[in-house]
Amino acid sequence: MDIKNMKNYLYWLFCQFELITCSYLMEPWEKVLFYTFNITMLFMVLYTAYIYVPIHISTAFQFCLHLFGNQHENAVSIVK
């Protein structure tokens, strides 16, 4: 794919985004606030997903292993 076509495609996507969010009607200072808020929220969601999703997946995997009988023996049962 050529650079000019990629540039036109990205510009088209940005125009679609502005149409969907109606941000083309905003004044420049409003756009700055709007985009800053949206980018901040996006980064917060991505960071939260990066931190917490693997923990939840690991916990769910361990729970499923426990349900299907692949249990780790604890120290108390080994001593008895």
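1. Helices here are DSSP runs of H or I, at least four residues, numbered from the N terminus. By that rule, cysteine 22 sits in the loop between H1 and H2. The model is a predicted one. Read every point below with that in mind.

2. Start with the overall fold. The protein has three helices and zero strands. From the N terminus on, the order is α-α-α. Of the 80 residues in the protein, 4% are buried.

3. Helix H1 covers residues 3–21, which is 19 residues.

4. Met6, Tyr9, Leu10, Trp12 and Leu13 make a nonpolar patch of about 500 Å². Tryptophan 12, one of these patch residues, belongs to helix H1. Its relative accessible area is 44%. That value lies between the 20% and 50% cut-offs, so tryptophan 12 counts as partly exposed. As background, an α-helix has 3.6 residues a turn, so residues three or four places apart point the same way.

5. Is glutamate 18 buried or exposed? Its relative accessible area is 12%. Buried means under 20%, so glutamate 18 counts as buried.

6. What does the side chain of glutamate 18 contact? One partner is tyrosine 35: the two side chains make a polar contact at 3.1 Å. Lysine 31 is another partner, through a salt bridge with glutamate 18. The closest N and O atoms of that salt bridge are 3.2 Å apart. The pair links distant parts of the chain, with lysine 31 in helix H2 (residues 28–67) and glutamate 18 in helix H1. In the chain the two are 13 residues apart. The structure holds one salt bridge. In general, side chains of opposite charge can pair when their charged atoms come close.

7. Return to cysteine 22. This residue follows H1. Most residues other than glycine have a negative phi. Please inspect the backbone at this position. With a relative accessible area of 38%, cysteine 22 is partly exposed.

8. Last, the database record. An unreviewed UniProt entry annotates residues 32–53 as "transmembrane region". What does the model show over residues 32–53? The chain there is 100% helix and 0% strand. The end C-alpha atoms of this stretch are 31 Å apart.

Conventions
Residues are numbered from 1 along each chain as its sequence is written. This is a predicted model: local features need pLDDT of at least 70, side-chain atom pairs count only at pLDDT 80 or more; totals for chains, interfaces and linings use all residues. Side-chain values use heavy atoms; hydrogens and water are left out. Buried means under 20% relative accessible area, exposed over 50%, partly exposed in between (1.4 Å probe, protein chains only). The expected span of a helix is 1.5 Å times one less than its number of residues. Patches are made of residues with over 30% relative accessible area and no salt bridge: like charges are joined within 9 Å, nonpolar side chains (Val, Leu, Ile, Met, Phe, Trp, Tyr) within 5 Å. Accessible areas come from the Shrake-Rupley method with a 1.4 Å probe; for residues, only the protein chains shown count as cover. A salt bridge is a side-chain nitrogen of Lys or Arg within 4 Å of a carboxyl oxygen of Asp or Glu. UniProt positions are given in the numbering used here, feature names are shortened, and annotations may be inferred rather than shown by experiment. A polar contact is a pair of N or O atoms within 3.5 Å; within protein, one must be able to donate a hydrogen and the other to accept it, and residues adjacent in sequence count only if both atoms are side-chain atoms.
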